[in-house]
Amino acid sequence: MKQLIELKVNEESYETAVDPHRTLLEALRENLGMTGSKEGCDLGACGACTVIIDGKAVLACLTLAMDAQGKDITTIEGVAKERKLSPLQQNFVDYGAIQCGYCTPGMIMSAKALLDENPKPTEAEIKRGISGNLCRCTGYTKIIEAIAVRAK
Amino acid sequence: MRLPKFEYLEAKNVKDITSLLKKNKEAVIVAGGTDILPKMKQRIVTPKFVINVTKIEDLKKIEFGEKKGLALGSLVTLDAVSKSKPVVEKFTALAQASGRVASSQIRNMGTIGGNISIESMCMYYNQSHEWRKGRPHLCFKLGGDRCFVAKGSKECLALFQADTPPALIALGAKVTIVDGTGKEKVIDIEKFYTQKSKKVNILKATDFVKQIQIPTPPKGTGSCYLKMAQREAIDYPVAGAAACVTVSGGKCKNARIAVTAIGGGPLRLKNAEEILIGNTITDELIEKAADAAYEKVRPMPHFNISVWYKRKLIRVLVKRSIKQACNKAV
C-alpha cells in the first residue's frame with residue numbers, strides 16, 4: 001500500500017505517495033520528475049545514481065525512499081544555482097569531461113561530495129573519490145582534470 | 001530491476017529489532033542495504049517484511065578507551081570505521097580493510113555489522129532471477145542438489161569474500177549477537193563463521209549483530225591488511241590477508257594471521273602464526289611463515305583465477321602483510 005512521505009530534495013520539501021518497495025532513485029525520477037540522477041546497473045556497481053544525503057555521496061538505487069525521509073538530499077538538479085552552472089559543472093564542460101553524458105550527474109555528485117569534504121584533493125584522492133563511478137566512454141582523464149582544476 | 005513487494009517496518013531501538021523479527025517471520029534487516037537490496041532485486045531473497053534499523057542511533061557509536069578497547073556499533077558505516085582516529089592508529093588492519101571495500105558511496109552506506117555478515121557469493125547464484133531460470137537445475141544454495149562451481153561437488157562451494165573479517169580475526173575481535181529471546185552473547189569472531197559456503201555465519205533468522213569489540217593491542221603491536229583485486233574499486237578481493245604482530249626486542253611475542261576469499265569463510269592460519277611466535281623476526285622467518293600459509297590454503301578456481309595463482313598470491317600477501325605489520329610495531 002502506498003504511503004505518504006516527505007522528501008527534502010535540494011532544500012525544498014516534496015510530499016509524495018510511494019510504495020515501500022520503491023527506491024529513492026525511483027521516487028526521484030518517477031514521482032518527483034527529477035530525471036537528472038540516472039539508473040545504470042541498479043545494483044550499486046556503476047554510481048550513475050549517486051546523490052548526496054547529509055553530506056555523503058550515496059547510491060539512490062540502493063536507498064529505500066522510506067528511509068530517505070527527513071534527510072537532506074542533494075541531486076544534480078540542485079547543483080546549478082539560479083540557472084547558472086556551478087564552477088565544477090562549468091569545468092566539466094570546459095575540459096571536455098562529458099562524452100555521452102550518462103555518468104556525468106553521478107560523477108559531479110561524487111566530485112562535489114569529495115570537494116566539500118576535502119577542497120584540495122591530490123590526484124590520487126580524486127581518483128579514489130570517483131572510483132565508485134563508471135564512465136563507459138572511458139573519459140576518466142578529462143574528468144580527473146576537470147576536478148583537479150577546482151583543487152588548485 | 002524493481003524490488004519485490006514487501007511490508008516495511010521500522011525499528012526504533014535494539015529491543016524493537018528482536019520483537020519485530022520474532023513477530024514477523026520471513027523478515028530481513030536492512031541497514032546499509034548495499035548487499036541485501038541487490039539480492040532482493042535479483043530475487044535471491046524475497047522477504048515478506050523489511051525491518052529498517054537505520055534510525056537506531058545507539059548502534060552508530062564508536063567508543064574507545066585504553067583499558068576497555070574499541071567498541072563498534074554494528075551500524076557504524078565502513079567509511080566512519082576507516083577514518084576513525086583510534087581505528088587508524090591502533091587497529092590499522094581494520095581501517096585498511098574497511099577503507100578498501102567497494103567504492104566510496106558503498107562505504108558511506110554499508111555498515112561494519114553488514115560487512116561481517118555478508119554471505120558467500122558465486123557467479124551462478126548472484127544473478128538475476130531470469131538468468132538463474134535459464135538453468136534447469138537448482139544449486140545447493142537455492143535448495144537444489146548440485147554446485148555449479150565444481151561439477152560433482154557434494155556441497156556448495158561459493159566463495160566468501162568480505163574484507164573486514166580477516167582483519168578482525170587478526171586483531172582478536174569479539175562479536176555481540178542478540179538472539180531471538182533478546183539475550184546477548186559474546187563470541188570470538190572466528191566462531192562466528194561456519195566455514196561452510198552454504199551458510200557462512202551462525203546467525204539464525206531471529207539473531208542480529210549488535211556490536212564488535214576489539215581489545216587494545218599491547219605495546220609493540222602492528223597490524224596490516226592487504227587486498228589484491230582485479231580492479232581498484234567496486235571489487236571483491238581475489239585474495240586478502242591480514243596480520244597482527246606484537247614485537248618486543250626483535251622477537252615476535254604474538255602473531256595472528258587470517259586470509260579471505262579462499263573458501264567458505266575467513267581462515268585463520270595458525271600454522272603460520274606458530275612459526276613466528278617466540279622467534280626473532282627476520283626475512284627468512286617471514287618467508288617461512290608465508291610458505292606455511294601457502295601450504296594451508298586450498299582455494300577453488302574462481303572466474304579466470306587459477307588455484308595455482310591464488311595460492312602463490314596468498315604467500316605474497318601474507319609475507320607483505322607480516323612485514324608491514326612488523327614495521328608498524330613500534
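Domain bounds here come from an automatic or database domain assignment. On that basis, chain B of this predicted model is divided into domain 1 (1–55), domain 2 (57–117 + 159–214) and domain 3 (221–328), and the C-alpha centres of domain 1 of chain B and domain 3 of chain B are separated by 36 Å. For chain A the assignment gives domain 1 (3–78) and domain 2 (87–151), with 21 Å between their C-alpha centres.

The two domains of chain A touch one another, in that 14 residues of domain 1 of chain A are in contact with 13 residues of domain 2 of chain A. On the side that belongs to domain 1 of chain A, strand S3 (50–53) and strand S4 (56–59) of chain A each supply at least two residues, and the largest share of that side, 3 residues, comes from S3(A).

Just after H1(A) comes A:Gly33, which takes a positive phi of about 70 degrees.

Helix H2 (residues 87–94) of chain A has A:Gln89, A:Asn91 and A:Phe92 as its buried residues. Because these cover an arc of only 155 degrees around the axis, they are on the same side of H2(A). The face turned away from that buried side carries the exposed residues A:Pro87, A:Val93 and A:Asp94, while the cover over the buried residues of H2(A) includes helix H3 (104–117) and helix H5 (140–151) of chain A. Just after H2(A), A:Gly96 has a positive phi of about 65 degrees.

We turn next to the place where the two chains meet. There, 24 residues of chain B are in contact with 22 residues of chain A. The elements of chain B that give two or more residues to its side of this contact are strand S1 (7–10), helix H2 (36–41) and helix H6 (104–109), and of these H6(B) gives the most, with 5 residues. The residues on the chain B side that touches chain A divide into 12 nonpolar, 8 polar and 4 charged.

Strand S1 of chain B, one of the elements that touch chain A, also belongs to an open sheet of 3 strands, in the order S1-S3-S2 (chain B), with parallel pairing. S1 and strand S2 (27–30) of chain B stand at the edges of this sheet, each with a single partner strand, so one side of each is left without a neighbour in the sheet. From one strand to the next, the twist averages 25 degrees. S1(B) and strand S3 (residues 49–52) of chain B run parallel and are joined by 4 bridges, and B:Leu9 has B:Ile51 in S3(B) as its bridge partner.

Elsewhere in chain B, strand S6 (residues 174–178) and S7(B) run antiparallel and are joined by 5 bridges, with B:Ile187 in S7(B) as the bridge partner of B:Val175. The hairpin of S6(B) and S7(B) has 5 residues between the strands, and in this hairpin B:Gly182 takes a positive phi near 90 degrees. Strand S7 (residues 184–188) of chain B is hardly covered, since the count of buried residues among its 5 residues is 0.

Most residues other than glycine have a negative phi, and most peptide bonds are trans. B:Ile234, although not a glycine, has a positive phi of about 45 degrees, and B:Ile234 is found in the loop between strand S9 (221–228) and strand S10 (239–248) of chain B. A residue is buried if 20 or more other C-beta atoms lie within 10 Å of its own, and B:Ile234, with 20 C-beta neighbours inside 10 Å, therefore counts as buried.

B:Phe303 is likewise not a glycine and has a positive phi of about 50 degrees. B:Phe303 lies in the loop between helix H11 (283–296) and helix H12 (307–328) of chain B. Having 9 other C-beta atoms within 10 Å, B:Phe303 is exposed, because a residue counts as exposed if 12 or fewer lie within that distance.

Methods. Residues numbered from 1 in each chain as written. Chains lettered and ligands numbered in written order. Predicted model: local features only at pLDDT ≥ 70, side-chain atom pairs only at ≥ 80, totals over all residues. Arc of directions from axis to C-beta. Contact = placed C-beta atoms within 7 Å. Nonpolar A, V, L, I, M, F, W, Y, C, P; charged D, E, K, R; others polar. Pairing = 2+ DSSP bridges. Axes fitted to C-alpha atoms, helices over the stretch in contact; angles between N-to-C directions.
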